[in-house]
Amino acid sequence: MCGGGEVDLANEVILDESFVNNEKLKCAYDKLTADDSPLFRDTVGVFIDDPEFNLTFKVGNCSYSDDACTDAKNPNDIIITIVDVNQSGLGIAALILHEAIHAEIHRFVAQFESGVDINDRPRLFQLYAFYKGWAENTQNEKYNWTQDAHHHYMVENYVNQIANVLRRLDNNNYPLSYYMGYGWDGLTSYGYTSSRLTAAENTQNQNLRAIVDTNSQICN
Amino acid sequence: MKKVFVLFIVLSFVSCKNTNNNTTTNEIIAFIIDKKAWPLPPPPPIDDTTTTEISKKMLDSLFKIKLKVAVYPTLNNFSEKEMKIIPEKYSTEFDLKNNSQNKITFNEFFSQKGHKIIVADTIEMKKYKDFQSFDLLFWFSNFYYSKDNQKILFSLGISRSRLAGSSALYVLKKEENTWVTEYFKNLAIW
């Protein structure tokens, strides 16, 4: 690559120089690639078979997030920017997965708009219709309601998967419950709203996660 | 003495102008919050594949909820990256290079909908991925006024947690003494 970054040939995903040069990020990404979980294959991996869609990872600033953001203004050229690199290796792996899920949903919806079968993921489109209608009903149509649809979809489909992947990356050192806090990163309000998480469960998740964060050696 | 007097007049004028813009900006911040701060409705049940609309009953109950909304304490000028996505016609309509509107007094917000508006505690925010002391974070860019003060250009990120939010670029224009959206573009999601 001209800029000195890498094209991950296994996945045909573009890793910007800023990403490659960050030891912790690159380590977490490589662990995820080596683990080759269904979740990683179904998110980052789907950009393999679809030359129309590029996914770039970089380190930088997001205007209104100190953690990360996914820019899909051009869904054919999606950019994930990681801001917070000062956290545990497992936290970074969870962050990569969270943003990669956004990227994949954007790609999927863009594909649908050009002819993919809607029945492939009826729940996703149900959530899209529901939150779009909600924004219109509150005269708040100039609001990016897609984020609410995405995050509810994540709660319903990916929290356990993220926890499972992180547990495997951490060599199964603790029971799955210790990794659920990572799966719920950023999603707790959606969990409460959909009655899939209670405050007590969240407290327990965070306490267990703190133990993993303290003891895990993965990419730290 | 005459020079000092002239300088005093000029400074007074500039100061009044900034105060007016500050007042307007605070009004706009409160207006935007009233417009866009909504509690999150629960999704339709997962085994109910037919519901695609929020019920009137739920909407009515959501309308009644008062939220605690935090405003991020700094307003930054647009980055070079953001400058590039501003439509050409607005680049000339707004003075993007010499924006002086960067100091806001954060104690004069009033929500007509009864939301409580506070300034975000950024130290607390760093400790947790989820917001502990408020429901929503509104993170505004600086505000760029058109020369006649009838339009405002800004971008805004709205978050329900540090990892659940989205941002957009807005141009508002004043119509019959109220602000309406003239232009809107989604930017990013997180």
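Modeller: A:Ile211 has its place in helix H10 (residues 199–215) of chain A, where helices (H or I, at least four residues) and strands (E, at least two) are DSSP runs, numbered from the N terminus. This is a predicted model, in which local features need pLDDT of at least 70 and side-chain atom pairs count only at pLDDT 80 or more, while totals for chains, interfaces and linings use all residues. Residues are numbered from 1 along each chain as its sequence is written, and chains are lettered from A and ligands numbered from 1 in the order in which they are written.

A residue is called buried if 20 or more other C-beta atoms, placed from the backbone, lie within 10 Å of its own, exposed if there are 12 or fewer, and partly exposed in between. A:Ile211 has 13 other C-beta atoms within 10 Å, and therefore counts as partly exposed. Along the chain A:Ile211 is 37 residues from A:Tyr174, yet their C-alpha atoms are separated by 9.6 Å.

A further stretch of chain A to consider is the loop between H7 and H8, which holds A:Asn171. A:Asn171 is a residue other than glycine, but its phi is positive, near 60 degrees, and this residue comes just after H7(A). A:Asn171 counts as exposed because it has 10 C-beta neighbours inside 10 Å. B:Asn177 sits in the loop between strand S6 (164–175) and strand S7 (178–189) of chain B, and it is exposed because 5 other C-beta atoms lie within 10 Å.

Two residues are in contact if their C-beta atoms, placed from the backbone, lie within 7 Å.

In soluble globular proteins, nonpolar side chains tend to be buried together. A nonpolar core is a set of buried Ala, Val, Leu, Ile, Met, Phe, Trp, Tyr and Cys residues joined through C-beta atoms within 7 Å. The largest such core here has 107 residues, of which A:Ala93, A:Ile162, A:Leu166 and B:Phe138 touch the most other members. H4(A) supplies the largest share of this core, 11 residues. Leaving aside residues up to four places away in sequence, A:Ala93 touches A:Ala28, A:Lys31, A:Leu32, A:Leu166 and A:Leu169.

Strand S5 (residues 77–82) of chain A is another enclosed element: 5 of its 6 residues are buried, so it is largely enclosed by the rest of the structure. Two strands pair if DSSP finds at least two bridges between them. Strand S3 (residues 54–59) of chain A pairs with S5(A) in the parallel sense over 6 bridges, and A:Asn54 has A:Asp77 as its bridge partner in S5(A). S4(A) pairs with S5(A) in the antiparallel sense over 4 bridges, with A:Ile80 in S5(A) as the bridge partner of A:Thr70, and these two strands form a hairpin with 5 residues between them.

Chain A also touches chain B, in a contact that takes 43 residues from chain A and 38 residues from chain B. On the chain A side, the elements giving two or more residues are strand S4 (68–71), helix H4 (89–113), helix H5 (122–137), helix H6 (146–157) and helix H9 (188–193). The most comes from H5(A), with 9 residues.

H5(A) and H6(A) also meet each other: their axes, which are lines fitted to C-alpha atoms over the stretch in contact, come within 8 Å and cross at roughly 140 degrees, angles running from 0 to 180 degrees between N-to-C directions. Here A:Arg123, A:Leu124, A:Leu127, A:Tyr128 and A:Tyr131 in H5(A) meet A:Asp148, A:Ala149, A:His152 and A:Tyr153 in H6(A).

Chain B itself contains 5 helices and 7 strands, and 33% of its 190 residues are buried.
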